[in-house]
Amino acid sequence: MSKAGYDVAIVGAGIVGAACADECARRGLRVVIVDQDSAGSGATAAGMGHIVVMDDSDAQFALTRYSQTLWQQLRSDLPDNVEYEECGTIWVAGDEEEMQEVWRKHEYYSTRNVRARVLDEPTLRNLEPNLREGLKGGLLVPEDAVLYPPCAAHFLLERAQRSGATFHVGRAVTRLGEGRVELSDGEQIPAEFVVNATGALAPGLTPGIEVKKRKGHLVITDRYKGFVRHQLVELGYLKSAHSVTTDSVAFNVQPRRTGQLLIGSSRQFGAEHNEVDHEILARMLKRAQEYMPALATVSALRAWTGFRAATPDKLPLIGPWSGDKSLLLATGHEGLGITTSLGTARILVDQITGAKPQIPIDPYLPSRRVHEHAHV
Ligand SMILES: Cc1cc2nc3c(=O)[nH]c(=O)nc-3n(C[C@H](O)[C@H](O)[C@H](O)COP(=O)(O)OP(=O)(O)OC[C@H]3O[C@@H](n4cnc5c(N)ncnc54)[C@H](O)[C@@H]3O)c2cc1C
């Protein structure tokens with residue numbers, strides 16, 4: 001395709017870059033991928049690994065559903081350590097207003113061929129006995145899954161390498177664009193297309209991108225097999241995820257295959273340091289116990305933080321960046337980059353090869369006009 005060394009050079013080997021490298025290699029492109037650290041060590045190592053269909057907007061639904069289908073197709077190839085489990089999500093309704101949201105979501109999903117079941121209070125308690133009494137009900141979305149993100153990124157990267165991709169680990173990129181990637185030791189890697197897949201750090205290499213860091217905290221517990229059976233998320237989560245002005249916490253608990261529980265979640269703008277913020281952590285755990293009082297008895301092993309790459313309209317940036325024909329972006333996935341990595345890779349490589357994408361891509365193009373949810 002190119003007279004240059006590679007067809008595609010990808011910067012960033014998180015789950016998004018790894019998926020893009022795999023997709024490029026699978027389609028016969030000569031691809032190199034570079035990371036300043038190890039593969040899957042950024043937000044990918046910090047994420048929860050909930051593969052979830054979301055409906056904040058039709059565009060978000062299209063990309064999450066498309067990607068979920070791609071994960072399902074990949075399922076039988078995934079090694080054991082990826083811990084892919086189709087445990088389903090239960091969106092938990094705490095009051096009548098949230099129950100109305102359950103019915104709206106049910107209608108939205110059902111009319112788009114996503115299986116979903118409304119749960120009344122007794123059924124909810126039967127499925128998840130550790131939830132507190134007095135909740136109103138919930139929505140079960142059985143095809144949602146969980147996986148272990150760093151191992152998923154490693155799997156995609158290793159598969160890409162088996163198909164011919166080159167991986168440079170522990171090498172920082174200082175500049176990219178105009179048909180090349182420049183490393184910190186001055187080495188230049190020429191490529192016809194260059195992809196910025198550096199997550200929340202993307203504006204450092206491509207100034208002007210509307211991506212901001214949105215910090216999150218998670219806690220992992222000891223093993224309590226069967227304590228939680230589905231990914232449980234409070235419907236109030238949607239309100240907190242939409243808030244772009246204030247710090248927020250929400251009840252969000254995931255069962256791991258090991259029997260451990262992953263407890264989240266928090267969202268903060270303007271917090272640049274990666275240390276655990278004990279006030280936020282305390283708020284997050286208090287919120288979790290309000291939904292699941294018995295969590296007060298479990299022992300937490302570790303807490304950590306990570307940075308989501310947030311865009312003003314809550315949709316990723318996938319495609320060409322203006323002013324440089326060689327430069328494409330694959331960033332801005334906020335809290336859904338594990339889910340949408342596979343769809344992102346397909347759409348990105350469709351644009352590189354000129355193939356027809358399977359979903360409309362305009363909502364994700366970096367050139368789109370952003371109207372909603374603007375950063376303040
Ligand atoms: C607390 C939390 C919970 C989450 N839960 C979920 C969830 O349940 N489901 C879901 O779908 N998503 C979730 N996410 C979001 C998800 O983790 C991210 O969207 C996803 O990991 C982004 O992947 P990425 O490859 O774009 O970025 P990253 O994983 O951050 O990878 C970027 C890579 O670029 C490299 N890099 C950066 N700068 C340079 C440079 N100059 N030179 C070379 N390399 C560079 C970094 O070393 C890094 O490896 C969560 C995120 C957080 C923080």
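## A stacked aromatic pair

Phenylalanine 251 is buried, with a relative accessible area of 0%; buried means under 20% relative accessible area, exposed over 50%, and partly exposed in between, with a 1.4 Å probe and protein chains only. The model is predicted, so local features need pLDDT of at least 70 and side-chain atom pairs count only at pLDDT 80 or more, while totals for chains, interfaces and linings use all residues. Residues are numbered from 1 along each chain as its sequence is written, and side-chain values use heavy atoms, with hydrogens and water left out.

Tyrosine 291 is likewise assigned to the buried class, at 5% relative accessibility. Phenylalanine 251 and tyrosine 291 form a stacked aromatic pair, with 4.8 Å from centre to centre and 5° between the planes. Rings of Phe, Tyr and Trp (its six-membered ring) pair if their centres lie within 6.5 Å; planes under 30 degrees apart count as stacked, over 60 as edge-to-face and the rest as tilted. Phenylalanine 251 belongs to strand 14 (residues 248-255) and tyrosine 291 to helix 9 (residues 278-291), so the pair ties together parts that are 40 residues apart in sequence. Helices (H or I, at least four residues) and strands (E, at least two) are DSSP runs, numbered from the N terminus.

Glutamate 290 is also placed in helix 9. Glutamate 290 counts as partly exposed, at 32% relative accessibility.

The structure holds 5 aromatic pairs. One of them is edge-to-face, because the rings of phenylalanine 61 and tyrosine 108 have centres 5.4 Å apart and planes at 85°. Phenylalanine 61 lies in helix 3 (residues 58-74) and tyrosine 108 in helix 4 (residues 96-110), so this pair ties together parts that are 47 residues apart in sequence. Phenylalanine 61 is buried at a relative accessible area of 9%, and tyrosine 108 is buried at 11%. Ring pairs link Phe61, Tyr108 and Tyr109 into a cluster.

Charged side chains also meet aromatic rings. Arginine 112 lies over the face of tyrosine 108, at 3.6 Å from the ring centre. The charged end of lysine 105 sits over the ring of tryptophan 91, 4.3 Å from its centre. A charge sits over a ring if NZ of Lys or CZ of Arg is within 6 Å of the ring centre and within 35 degrees of the ring normal.

## The ligand and its shell

Of the 38 residues around the ligand, Asp35, Ala43, Thr44, Glu334 and Thr339 come nearest; a residue is near a molecule or strand if one of its heavy atoms lies within 4 Å of it. By class, this shell has 16 nonpolar, 17 polar and 5 charged residues. Ala, Val, Leu, Ile, Met, Phe, Trp, Tyr, Cys and Pro count as nonpolar, Asp, Glu, Lys and Arg as charged, and the others, Gly among them, as polar.

Oxygen atoms of the ligand lie 3.1 Å from a polar backbone atom of valine 16, 3.0 Å from a backbone N or O atom of histidine 50, and 2.7 Å from a polar backbone atom of threonine 339. A polar contact is a pair of N or O atoms within 3.5 Å; within protein, one must be able to donate a hydrogen and the other to accept it, and residues adjacent in sequence count only if both atoms are side-chain atoms. The protein covers 94% of the 1,000 Å² of accessible area that the ligand has on its own. Accessible areas come from the Shrake-Rupley method with a 1.4 Å probe; for residues, only the protein chains shown count as cover. Two or more residues of the shell come from each of helix 1 (15-26), helix 2 (43-46), strand 12 (212-223), strand 16 (300-310) and helix 10 (337-353).

## Backbone features

A cis peptide bond, with omega of about -10°, joins glycine 264 and serine 265. Serine 265 is in strand 15 (residues 260-269).

Glutamate 178 has a phi near 50°, a positive value in a residue other than glycine. Glutamate 178 lies in the loop between strand 9 (173-177) and strand 10 (180-183), and is exposed at 67% relative accessibility. Lysine 314, also not a glycine, has a positive phi of about 65°. Lysine 314 lies in the loop between strand 16 and strand 17 (317-320), and counts as buried at 16% relative accessibility.
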